[in-house]
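Biologist: Hi! I'm new to this one, could you walk me through it?
Modeller: Happy to, let's look at it together.

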Amino acid sequence: MARKLLLEHINVPGINTYDVYRSKGGYASVEKALKTLSPEDVVEEVKKSGLRGRGGAGFPTGMKWSFLAKPEGVARYLVCNADESEPGTFKDRYLMTYIPHLLIEGMIVASYALGAKTSYIYVRGEMMPQIRILERAIAEAKNAGFLGKNILGTGYDLELYVQPGGGAYICGEETALLESLEGKRGNPRIKPPFPAIAGLYGCPTVVNNVESIAAVVPIINEGGDEYAKLGIGRSTGTKLISAGGNVKKPGVYEIDLGLPVEEFLYSDEYCGGIANGKRLKAVVAGGSSVPILPANLFLKTANNEARLMSYESLADGGFATGTMMGSGGFIAFDEDQCIVRNTWNFARFYSHESCGQCSPCREGTGWMEKVLHRLENGQGKMSDMDMLVDISKKIEGNTICPLGDAAAWPVASAIRHFRDEFEWHVTNAATAVTRNYGIGNYADPLIIAEKAG
Amino acid sequence: MLKVQHTNEPVEFSEALISSIADKISRYPEGKQKSALLPVLHDVQAELGWLSVPAMDKVAAYLQIEPIEVYEVATFYTMYLMRPQGKYFLEVCRTGPCCLVGAEKIMDYLEEKLGVKEGEVTADGLFSWRGVECLAACGFGPVLQIGPEYTFYENLTPASVDQLISDLTAKANN
C-alpha cells in the first residue's frame, strides 16, 4: 500500500471543514514555513523535492518559482490553475470537493514563498459547487488567522480569492488564464515575456496547478529530500491519477510515481481491471491530448520492459511507441470501443475549444473534425488518413499555445497505431456504421487481462 | 452554438446583485475592475436567466468599460447564454470518456423524452438541453449539470433521467 500524501485523510468525516482538517495536522506547513523558514528556504525545499508541475507539462515547480522576477515596489501574484478541463482528468475537482483546505494551505505557503500579497484560484466556471466550497473554506481559514492581515503574528499579509472561468478549455493554458482573469477573452499570449516576468496585470506571476500547490504541503511538512525519496528517478513523489473510461473502478487514485501500469490497471487497489469482463484495447494515459496507445504498447515498452506510471517510462519510445504522463487523465478503452469514433470525438472537442487566434489551429482542427466525421460515417477515402496526418503536422508547432499540439497528437497517434481500423472504415463503409471493428490485432497482452479478470 | 436573441427590453438588477457586483470589484487592485467581468456575468445570468444586450450594457456601465468588451467576452465563453433557455437547462457532457460509458445514448434519450432538439425549449418553458464539452467528471459519467447552481448528476441512466425530469417538474409546479 503506497503512502498517501494528499489523500491520506480524504475519507475522514468532516475533513472539508476547518476544525476537522486542523485536528488532522492541517495548516502545520503554514506555521512551519511562516515561523521558521524564509521564503527562499521554502523555494529551496520545493526545488529539492523534484516536484514537477501536475497540470500536464511536468515542468519543475521549484525552478518555475525561482524564475519569478522581484523588482522593487511591484506586486507579485500567485494564481492557481483550477481550470481542469482536459478530457479524462477530474482529480482537481475531487481534491477541491473533499479536502479544500489542503489547497488553501498550499496556497498560503506558496504565496509566502513567492512574496505574493494577493492570490487567486481560477476555477472553471462549471465548478460552481467547488467555488462555493472553496469560498467557505477560505472564510474559515481567515477566521482562524491563516489569511488576512498579519498571519499568525508574523507580519505576512495575504488575501485569497476564487475566480470563476466561463467554460473555455483554452483557459487552462496559463497566459489564456491570465487574460481571462483580467476579464478578457481567453486568447493565449505570445511568450516571451513569460508570466514570471510579466503575468497578471503585467506583474511577475506564477501559475500552478491545484495538485502542484497541494503537494507543497507535504513537501514543507516533511522536507523536500523526504518527498524526493518517493517515486522513481526524476519522477518524484506521488501523483493523482483520474481513472475513467471502461475500468471496473473509476475514480481518483494517489500513486507513488513508478507504479507498474499493469498493477495500476488490474489490481483491486486501483482500477480493478476492465469492466464487464471485457478486454483492454487501448489507453490514453495522460488526458485526451497525449498520444493514444494500443494495449500491447501501453503495458510493455517497445523493448518489452514493463511500463511504469512515471514521466519517463510513459514517454519511453517517444511518440513512435510511447506517450506522456500529461495531467494523469487515464482513459481505458475496452474491445467494443471504436477508435475512429473516439478520435472524431476528440477532434470535435479541440475544434470547439480552439480560441481561433492562430489559423493553423482554428482551421486545421475544423478540417480534422470534418474528415474524421466522414470516415466514421462511412464516407471516408483511403487518402483521408494521409491527409489527416498532413493536417496534424501543419498544426503541430505552428501555434502560439500548445492547444494546436494537443489537437494534433491524438489524431496522429490514432492513425499511427490503428491505421488498419481506419482503413476498415473505408473498405467496409456500410458495416462500419453499424458495428465496431473490435479488438483487431492489438491483443497481445490480453492474456494478462484474462489472468487478472 | 446558441444563436443570439435580439431585444431592447430594459432590465433591472436587484439590490443583491448590485451589492454582489461591488463585492466582486473589491477583489482586484484599483483600476482593474474589469477582472470582475466573468464573475459578474455569472451573477447576472443567475438572476436573469440569460444575457441580453441591455443586461450586458448595464454590466459595462457598472464596470466602467465599453459594451463591446462585455459582448466579446460573453460570446467567447460557452457558459454565457445569448438567448433564453428552459427553466432547467440540462447540459450533458459529450466528450470522449463520457461517450465510452454511454453519454450519446443519454442525449438521444433526453431528446426523445423532452421532445425537443438540442437548444430548443419545451412548450411549458421548463426544459432545454445541449451537449457540452468535458465537465471534468470523467470517472462518473455520463454526467449532466444544471445551472445556475451547476448541480451535477452523475452515472446517468434512462431511469435516473426519468426521475430527474419528474423531480424537476414537481419542483417547478410547487
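Modeller: One term before we start: a residue is buried if 20 or more other C-beta atoms lie within 10 Å of its own, exposed if 12 or fewer, and partly exposed in between, with C-beta atoms placed from the backbone. Helices (H or I, at least four residues) and strands (E, at least two) are DSSP runs, numbered from the N terminus.

Biologist: Thanks! Which residues are buried in helix 8 of chain A?
Modeller: They are A:Glu174, A:Thr175, A:Ala176, A:Leu177, A:Leu178, A:Glu179, A:Ser180 and A:Leu181. That makes 8 of the 8 residues in this helix, which spans residues 174–181. Keep in mind that this is a predicted model, where local features need pLDDT of at least 70 and side-chain atom pairs count only at pLDDT 80 or more, while totals for chains, interfaces and linings use all residues. Residues are numbered from 1 along each chain as its sequence is written, and chains are lettered from A and ligands numbered from 1 in the order in which they are written.

Biologist: What covers the buried residues of helix 8 of chain A?
Modeller: The cover includes strand 1 (77–82), strand 2 (118–123), strand 4 (156–164) and strand 5 (205–209) of chain A, together with helix 2 of chain B. Just after helix 8 of chain A, A:Gly183 has a positive phi of about 85°.

Biologist: How many residues of chain B are in contact with chain A?
Modeller: 32 residues of chain B are in contact with 46 residues of chain A; contact means that two C-beta atoms, placed from the backbone, lie within 7 Å. On the chain B side, helix 2 (37–48), helix 4 (67–76) and helix 5 (96–100) each supply at least two residues. That side divides into 19 nonpolar, 7 polar and 6 charged residues. Here Ala, Val, Leu, Ile, Met, Phe, Trp, Tyr, Cys and Pro count as nonpolar, Asp, Glu, Lys and Arg as charged, and the others, Gly among them, as polar.

Biologist: Switching to chain A as a whole, how many helices and strands are there?
Modeller: Chain A has 20 helices and 14 strands. Its radius of gyration is 22 Å, close to the 22 Å that the globule rule gives for 453 residues, so chain A is as compact as a globular protein of that length. The radius is taken over C-alpha atoms, and the rule is 2.2 Å times the number of residues to the power 0.38. Buried residues make up 58% of chain A.

Biologist: And which residues have the most contacts inside the largest nonpolar core?
Modeller: A:Val79, A:Met107, A:Val109, A:Val283 and B:Val92, in a core of 191 residues. Such a core is a set of buried Ala, Val, Leu, Ile, Met, Phe, Trp, Tyr and Cys residues joined through C-beta atoms within 7 Å. Leaving aside neighbours within four places in sequence, B:Val92 is in contact with residues including B:Ile106, B:Trp129 and B:Leu144.

Biologist: Why does A:Val210 count as buried?
Modeller: Because A:Val210 has 27 C-beta neighbours inside 10 Å. A:Val210 is found in helix 9 (residues 210–222) of chain A. A:Met96 is 114 residues from A:Val210 in sequence, yet the two are 8.4 Å apart in space, C-alpha to C-alpha.

Biologist: Last one: how do strand 8 and strand 9 of chain A run?
Modeller: They run antiparallel, joined by 6 bridges, where pairing needs at least two DSSP bridges. Strand 8 and strand 9 of chain A form a hairpin with 5 residues between them.
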